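Subject: Structure handover

Hello,

Here is the structure I promised to pass on. Please open it and keep it beside this note as you read.

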Amino acid sequence: MENTATLRQWFDRVDSDKTGSITAAQLKNAFSVGNLEFSISIVQQMIRMYDFDRNGTMSFEEFVALNKFLLKVQQAFSDLERGRGYLVPDDVYEGLVKIGFSLDSPAFYTVCESFDQKKNGRFRLDDFISLCIFVQSSRNLFNSFDISKQGRVTLDLNQFIYCSEYTDFMSI
């Protein structure tokens with residue numbers, strides 16, 4: 001969905017109440033129509049990632065930004081799934097690198113364990129998207145604390161609790 005007119009048509013269909021913005025529930029339902037199943041917390045996280053005005057919904061401009069990210073994730077998945085319809089952990093790692101993420105082994109395997117819904121080492125597109133949403137959201141949160149841009153942060157208890165709540169959807 002790269003064409004702006006096509007995106008606008010899709011957005012307007014999802015915006016069933018014609019408010020000019022879409023809610024997490026509307027976005028989740030739209031993904032379901034396309035056979036992508038996400039928990040409501042993942043969809044809420046998608047909205048938070050690009051909710052530039054912080055109103056809890058997604059405007060068309062915010063949706064375009066989310067779509068750009070999702071296209072990049074979908075392309076990485078397509079490049080690596082080799083006709084199987086899923087990725088194995090080595091493919092997931094390669095996909096993350098293609099998207100621009102670099103995780104060490106412990107972080108990578110922790111994330112894989114959390115997003116391997118069926119615990120079979122196979123990541124469908126929706127699993128991979130959920131994993132990438134988590135990693136991107138974590139990066140965004142980390143960067144908000146990494147003021148000196150040195151790749152390290154020190155958190156006090158309040159900041160740690162905030163981070164724990166922000167990434168709580170990972171356990172859902």
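Below is what was found, from the whole chain down to single residues.

First, the ground rules. This is a predicted model, in which local features need pLDDT of at least 70, side-chain atom pairs count only at pLDDT 80 or more, and totals for chains, interfaces and linings use all residues. Residues are numbered from 1 along each chain as its sequence is written, and side-chain values use heavy atoms, with hydrogens and water left out.

**The whole chain**

The protein chain has 8 helices and 2 strands. Both kinds of element are DSSP runs numbered from the N terminus: helices are H or I with at least four residues, strands are E with at least two. Along the sequence the order is α-β-α-α-β-α-α-α-α-α.

How does the radius of gyration agree with that of a compact globule? For 172 residues, a compact globule would come near 16 Å, and the protein chain has 16 Å, so the two agree. (The radius is taken over C-alpha atoms, and the globule rule is 2.2 Å times the number of residues to the power 0.38.) The C-alpha trace spans about 45 × 40 × 25 Å along its principal axes.

Buried residues make up 41% of the 172. Buried means under 20% relative accessible area, exposed means over 50%, and partly exposed is in between, with a 1.4 Å probe and protein chains only. Now the contacts, where contact means heavy atoms within 4.5 Å. Of those with a separation of 6 or more, 51% join residues 24 or more positions apart.

**Helices α4 and α7**

Look next at α4 (residues 60-80) and α7 (residues 125-145). They pack at an angle of about 130 degrees, and their axes are 10 Å apart. Axes are lines fitted to C-alpha atoms, for helices over the stretch in contact, and angles run from 0 to 180 degrees between N-to-C directions. The two helices are therefore oblique to each other. The cut-offs: under 35 degrees is roughly parallel, over 145 roughly antiparallel, 65 to 115 roughly perpendicular, and the rest oblique.

The crossing of α4 past α7 is right-handed. That label applies if the near helix is turned clockwise from the far one by less than a right angle; anticlockwise is left-handed.

Which residues meet there? From α4 come Phe69, Leu70, Val73, Gln74, Ala76 and Phe77; from α7 come Leu125, Phe128, Ile129, Cys132, Ile133 and Gln136. By class, this contact has 10 nonpolar residues, 2 polar and no charged. Nonpolar covers Ala, Val, Leu, Ile, Met, Phe, Trp, Tyr, Cys and Pro; charged covers Asp, Glu, Lys and Arg; the others, Gly among them, are polar.

**Buried residues**

- Asp126 is in helix α7. It is buried, at 6% relative accessible area. Its contacts are Leu36, Glu37 and Phe38.
- Asp51 sits in the loop between α3 and β2. At 5% relative accessibility, Asp51 is buried too. It is in contact with Gly56, Thr57 and Glu62. Asp51 and Ala65 are 14 residues apart along the chain, with C-alpha atoms 9.6 Å apart.
- Glu81 is in the loop between α4 and α5 (89-99). It counts as buried, at 18%. It is in contact with Tyr86 and Leu87. Its C-alpha is 9.4 Å from that of Phe123, 42 residues away along the chain.
- Cys163 lies in helix α8. It is buried, with a relative accessible area of 13%. It touches Leu141, Phe145 and Leu155. The C-alpha atoms of Cys163 and Leu141 are 7.4 Å apart, across 22 residues of chain.

**Loop residues**

Arg54 is in the loop between α3 (40-50) and β2 (58-59). Its phi is positive, near 55 degrees, and it is a residue other than glycine. Arg54 is exposed, at 62% relative accessible area.

Lys149 also has a positive phi, about 55 degrees, although it is not a glycine. It is in the loop between α7 and α8 (157-166). Buried or exposed? Lys149 is exposed, at 57%.

Gly121 is in the loop between α6 (105-115) and α7. Leaving aside neighbours within four places, Gly121 is in contact with Leu87, Val88, Pro89 and Asp116. Gly121 and Arg54 are 67 residues apart in sequence and 36 Å apart in space, C-alpha to C-alpha.

Best wishes
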